[in-house]
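Here's a quick tour for anyone meeting this structure for the first time. Have a look around, then read on.

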Amino acid sequence: MLACLCTVLWHLPAVPALNRTGDPGPGPSIQKTYDLTRYLEHQLRSLAGTYLNYLGPPFNEPDFNPPRLGADTLPRATVNLEVWRSLNDKLRLTQNYEAYSHLLCYLRGLNRQAATAELRHSLAHFCTSLQGLLGSIAGVMATLGYPLPQPLPGTEPTWTPGPAHSDFLQKMDDFWLLKELQTWLWRSAKDFNRLKKKMQPPAAAVTLHLEAHGF
Amino acid sequence: MLLRDCPVISKRKPESMALFAVFQTTFLLTLLSLRTHQSEVLAENLLLTPEAFKVSVNSAQRCLHLQWTVHNLPYNQEFKMIFQIQISRTETSNVIWMGNYSTTVKWNETVHWSWESELPLECAAHFVRIRSVVDDARFPEWNFWSSWSSWQEVNVQDSTGQDTLFVFPKDKLVEEGSNVTICYISGNIQNDISCYLEGEQIHGEQLDPHVSTFKLENVPFIRKGGTNIYCEEKQRKAISNGTVLFVSKVLEEPKDFSCETRDFKTLICTWDPGANTALDWSKQPSQSYTLFESYSGKKKHCEEKNRCNWQITQDSQEIYNFTLITENYLRKRSVNLLFNLTHRVHPMSPFSVQFENISATSAVMTWKLHSLGDYFTLLCQVELHGEGKMIQQHNVSVKANGKYLLNELEPNTEYVAQVHCADDNHFWKWSEWSGRDFTTPEAAPSEAPDVWRTMKSGSHNVTLFWKPLSKFHANGKILFYNVAVENLDKPSRLEHRSIPAPANSTELTLDGCSYQIRVTASNSAGASPAAVIVVPAAPGNKEVEEEIIEGTEDGFSMSWKPQSGDVMGYVVEWCDRPQDPLCDFQWKKLGPNTTSTVISSDAFRPGVRYNFRIYELSTKRIAHLLERKTGYTRELAPSDNPHVVTNNLTSHSFTLSWKNYSTKSQPAFIRGYHVYLKSKEEQCQPGAEKAVLPDDTVCCQYKIDNPEQKTFTVENLKPESFYEFLVTPHTSFSEGPSGTFTKVRTPDEYPYMLVHVIVPVVICVVLLVCGCLLKSQWMKDKCYPDIPDPYKSSVLSLIKSKENPHRTIMSISDCIPDAIEVVNKQEGSKIQSLGTRKSLTEPELTKLSYLYLLPTEKNYSGPGPCICFENYTYNQAASDCASCGHAPVSPEAPPSQWGLLTSSENLLKALEKNYMNSLGEIPAGETTLNYVSQLASPMSGDKDSLSTNALVPPPCSEYKMQMAVPLCLASPPPTENSDLSSITLLGPSEHYR
């Protein structure tokens, strides 16, 4: 069912009705993207637990906080609050899209390491969901008339650890990947919530605010 | 130090310099030819020190690869040489290993040798040097050590001096159970560092201020993703770095390696692979399996871990020598298998199994086989299964198609027949089973049903019972039972009766003749042989005494004595549930030579009495009762005590009775009874014993050993005493429950004396009184005869007629009344009284008027003259008893008082009657004065006058006429203060007190 949802969201940009003026506007799309973000956040919590247990101690210890040695290439979700507030919609959506594009690519690298079928299945399932989120963001951007960021040639992220990169450091990178992904999902939830409020008319905003409060 | 794991130990590579070597060898041989003369000089000049000495590093394998040459050797000759190698760590003076390497060396040959370090080579710098000696008997003069080569430093620490901590080895792959040494290089980090293996701190030794080593022994396999070893700075509490130790399971040798063919086209080799040694992170894949056949030289990589198919070529190769090789990155193992192909034939399972000509007792089974060639004969095994177990097994040699006749089958039975085959010449394996099921048709029952009967005593009703035939004998589904009854005494038609199955009994009403009864069971294929039983005209069952037998949980073992030698057999009958009305009748037939048996049944329960009858079956099929047995599988303690009734209670004894207690329905044989008696007496009576009850009370116990004695008299008791008793049955091993004692109190003995003595006396007195009453006239005449009336005297008539006519006897009118009694009466109807006034005649009134002459003065005392006139209107009955004229009357005693205290019932009734009569005549509501005087008959005029001058009584008072009471019935006189008037004015309630 989730896969279907993701597929639908992936094809959202292609749906002509969403690109027409006079439609309900980007509100529903943003809401769906927000919902998907929250669902992925929940899904990642389970996946991360399984994967970190697979890595073993110290990676599955609650207070584990390794140095970010090889994870510098990962897109950082943390940003100064003022900077975050000053982001315009296009930049906000673009940053999200780019981040998940990179993270999805890195995440597929994890699948190569894991040998257990259960873990592979969970990772594949999450990748499909993340692909759906990416499509959903693309749909919102299309609705708002923003172009999708084009990857610069030669900057396609790859997951090919060098020979000097030890497996221990690789495990650290995996840890950071999951952690950064989680941070990004938190940030995205805030981003889309902000967008949602911004895009909705004031009367409706009150209603949605109440709903959100209830949620 | 390990040498075996390093990939290269020694290698020679002289070809590249062959041309140059030719010249050099020629030169050396020339020198050798001159050795005799110049040996000492040559020894000094020959420089056997290894040259071109190089050390390379394989840090992943922790190996140092050494290579060198020895130039100064004679050309084209091999010398046996020993190379001594020294390895130092950290500094040259710290030699950690020194050893010799013996080999043969040619001129200018490059010699290779490897050394594996325990410690990762990144952990410390290593230094190597080498020297040599010729160890050849041909050249003893060269047997001296060369000088050492210079130290070669090996340093792979490319990270020293940085601020990062490094842990070595990186991502090492080791086998489970091996020993591993790791180290960390802290560089410029000054803080204390702790290292952990999977969260557990490990302790090592410091190699130098920046390097510490840890020896891990017998490392375990934890997970496919590797074992994490990491170090952290204590002060920062942040993990600095780590390494993953990939521990592989030990590669096992394949087990149960075996190859076979099923069709001579493919050889299927199978084995048990053991544990999978695969590791994640691409460190090690699953172990691979390769099949190598040495005769053909062919090799095949097996796709599956536990089996491999090998194509058989048509080159008629019969012998195969297979080697199964398994390997991973750490180890290689192999197993070998040599066999002849024709000895490893595992035929395919037979197919097309069919049955032909199925009869009630036989069937033909056919099957087909996959062809293995014309020269192959297969041994097939046919199995016949019925009811889940194997019944028959047969072996058949078959070429292509198989066939077998299955005999000795049972009718109406479902069978499963299956077949499998194997190579008949060289047995290797049976094929899989192929089979089918079939059912044989029904046949007529093969045996007569087991029939028995019960006969009600005194009637000609016979109940026939039969047991259902076993499946083996029924040969199908029994549809009905036929009963044919034949009169043996007089010719008559056979009476047939058909009873549908599954009924197992029928009742026949016969007359007084002998009958032969034949019972057969029928199914769809026919009828069974008949079971014959004869019912004689007179059963002639004699009374047979019942014998007690002991049963066990396994049943009742019993034996009997045969009475006549000409018997067909014996029958034991009983009821499985004797307490039920239907009783679940059972019987067991036994042969003529059997005189004992064990009757067992799952229905037997402890505490239930089972009765067995043993019949002798004569050759005429007539049954005679032989013996009766009774017993319990296990006797239980009686659960109830008898209900006891107390009879004949006297002051010294009482009788206990429990006639309703049935001994036969008890859970054990009742052997008698115990009567317990509790009393205040300490001593028991003769015949009783002291017994202590479970509640520690002491009482007297009387024992009754006859179970049929159900009364008992307790004697020698004390009157007016309490006794408590309990009657409980006892069996051979226990007695009944300790129930509640019943209390009895013996009565007093005197009431009996009273009854015996006083009652007769009273009766005598009553009889005497009655006699007296009957003879009252006689008594009166005898005791107190009437006083003669002077007026009626004859003397008086003589006086009247002859003498003075004035001369009279005292007239009544001359008498002055000295007492008047007034009676007031309000009852009655005025109208009635008015209407009936005239009817108040003197005789009626005078009946109420008992006149007494009463004193008028209170102070009168003494026995004054009492004149009592005879009044003929007086009630005779009352006057009969009256004694006023004869007994002195106390002047103080008022006549009313006497009337009140009269207790004679007869008199009271009479009074009441008169009273009521008078009520009817006296006007109600009026004050009536009933003049009581000495006058015998008051006049009616007086009555009227009296009415007018009546004293008015209190209203609503009831009065009764004053009556005279015979003196003899009077009570003692009242007291002196008694008021006359008050006494005479009486209320009605007081009259009947």
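Let's start with two helices in chain A: α2(A) passes α6(A) in a left-handed crossing. This is a predicted model, by the way. The axes of α2 (residues 27-55) and α6 (residues 167-199) of chain A come within 9 Å and cross at roughly 165 degrees. An angle over 145 degrees counts as roughly antiparallel, so that's how α2(A) and α6(A) run relative to each other. Sorted by class, the contact of α2(A) with α6(A) has 17 nonpolar, six polar and five charged residues.

Over in chain B, there's an open sheet of four strands, ordered β20-β19-β22-β23, with antiparallel pairing. Its edge strands are β20 (298-302) and β23 (332-340) of chain B, each pairing on one side only. On average, neighbouring strands of this sheet are turned by 20 degrees against each other, direction ignored. Strand β22 (residues 319-327) of chain B pairs with β23(B) over nine bridges, and Ile319(B) has Asn340(B) in β23(B) as its bridge partner.

In chain A, Arg38(A), Glu41(A) and Arg45(A) are linked in a network of them. Here are some from chain B:

| Pair | N to O distance |
|---|---|
| Asp450(B) and Lys467(B) | 3.6 Å |
| Glu553(B) and Arg634(B) | 2.9 Å |
| Arg745(B) and Glu720(B) | 3.4 Å |

Glu553(B) is exposed, with a relative accessible area of 55%, while Arg634(B) counts as partly exposed at 42%. Asp450(B) is partly exposed at 23%, and Lys467(B) is partly exposed at 28%.

Key. Residues numbered from 1 in each chain as written. Chains lettered and ligands numbered in written order. Predicted model: local features only at pLDDT ≥ 70, side-chain atom pairs only at ≥ 80, totals over all residues. Heavy atoms only, no water. Axes fitted to C-alpha atoms, helices over the stretch in contact; angles between N-to-C directions. Parallel < 35°, antiparallel > 145°, perpendicular 65-115°, else oblique. Left-handed = near helix turned anticlockwise from the far one by under 90°. Nonpolar A, V, L, I, M, F, W, Y, C, P; charged D, E, K, R; others polar. Pairing = 2+ DSSP bridges. Salt bridge = Lys/Arg side-chain N within 4 Å of Asp/Glu carboxyl O. Buried < 20%, exposed > 50% of the residue type's maximum accessible area, 1.4 Å probe, protein only.
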